[in-house]
Amino acid sequence: MLAEKDVEMGIPALVASASGTVIEIGPGSGNQVGRYDPAKITKIFGIEPTLGLHDKLRENIKKAGLSDVYTIVPCGVEDVQGLRKYGVDREAFDTALSIHVLCSVPDPKETAAALYRLLKPGGKMIVYEHVKSRDYVSSIVQDLYNIVWPHALGNCQLNRDTARTLREAGEWAKDDLERPPFQEDAWQALPHIWGCLTKAG
């Protein structure tokens with residue numbers, strides 16, 4: 001059922017558009033790994049600090065046939081020294097991928113800035129994230145729910161302006177972030193942004 005919902009939301013097509021050397025933040029147990037197009041991929045670095053998810057992630061990487069190109073990195077994307085131990089360095093990536101992750105990171109501005117630094121000039125930041133509603137009443141409801149929501153769902157925040165955070169992370173040559181028209185309305189509990197930002201340079 002969740003997979004069908006993901007297809008409806010366009011997530012598989014976003015993941016399949018990743019190419020070259022990819023950094024994926026928060027792959028978790030590997031929900032997205034089977035959606036990469038292996039013909040487009042040179043290397044993937046999955047930034048996953050939750051060690052308890054690594055066994056399942058490895059299992060899904062193997063099922064997807066990506067064991068030779070996928071490296072699990074057991075630290076946060078802001079940990080420069082930890083990343084370097086795995087060969088992750090600034091301006092080294094063609095694609096950064098974030099699917100339902102930026103809602104729960106401790107410092108979204110720091111995370112967005114770190115991802116921007118890691119992208120090559122011309123690199124793509126591909127995202128699908130839920131965000132604060134643009135509808136006044138719905139945004140108030142989100143703020144109220146958000147008093148308890150993060151405690152129940154792993155620090156997931158309902159009311160982050162993630163599009164703004166990403167846009168302010170650096171200079172972008174192209175901005176293709178948008179709100180999916182097929183599932184957005186004034187009373188949508190979890191409105192989303194999706195699409196791609198292309199780094200300038």
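**Entry 1: Glu91 and its partner**

I started at Glu91, which is partly exposed, with a relative accessible area of 42%. I kept in mind that I am looking at a predicted model. Which residue meets the side chain of Glu91 in a salt bridge? I found Lys199, with 3.8 Å from N to O. This pair links distant parts of the chain, 108 residues apart. Lys199 sits in strand S7 (residues 192-199), and Glu91 is in the loop between helix H4 (80-84) and strand S4 (93-99). I then checked how open Lys199 is: its relative accessible area is 5%, so it counts as buried.

**Entry 2: Lys120 and Asp94**

Next I looked up Lys120, whose side chain meets that of Asp94 in a salt bridge at 3.1 Å, N to O. Lys120 lies in strand S5 (residues 119-130) and Asp94 in strand S4, so their pairing ties together parts that are 26 residues apart in sequence.

**Entry 3: a pair within a helix**

I moved on to Lys56, which forms a salt bridge with Glu59. The closest N and O atoms of this pair are 3.3 Å apart. Where do the two residues sit? Both are in helix H3 (residues 54-63), and because they are 3 residues apart there, about one helical turn separates them. I wrote down a relative accessible area of 38% for Lys56, which is partly exposed. Glu59 is partly exposed as well, at 36%.

**Entry 4: the network and the count**

I followed the shared partners and found that salt bridges join Lys56, Glu59 and Lys63 into one network. How many salt bridges are there by this rule? I noted a count of 9.

**Entry 5: Glu24, without a salt bridge**

I ended with Glu24, in strand S1 (residues 20-25). Side chains of opposite charge can pair when their charged atoms come close. Glu24 is buried yet has no salt bridge. What does the side chain of Glu24 touch through polar contacts? I found one of 2.8 Å to the side chain of Tyr36, and another of 3.3 Å to the side chain of Tyr70. Setting aside neighbours within four places in sequence, I also listed residues in contact with Glu24, among them Gln32, Phe45, Ile47 and Leu97.

Key
Residues numbered from 1 in each chain as written. Predicted model: local features only at pLDDT ≥ 70, side-chain atom pairs only at ≥ 80, totals over all residues. Heavy atoms only, no water. Salt bridge = Lys/Arg side-chain N within 4 Å of Asp/Glu carboxyl O. Helix = DSSP H or I, 4+ residues; strand = E, 2+ residues; numbered from the N terminus. Buried < 20%, exposed > 50% of the residue type's maximum accessible area, 1.4 Å probe, protein only. Lys, Arg positive; Asp, Glu negative; His and termini not counted. Polar contact = N/O pair within 3.5 Å; in protein donor to acceptor, adjacent residues only side chain to side chain. Contact = heavy atoms within 4.5 Å.
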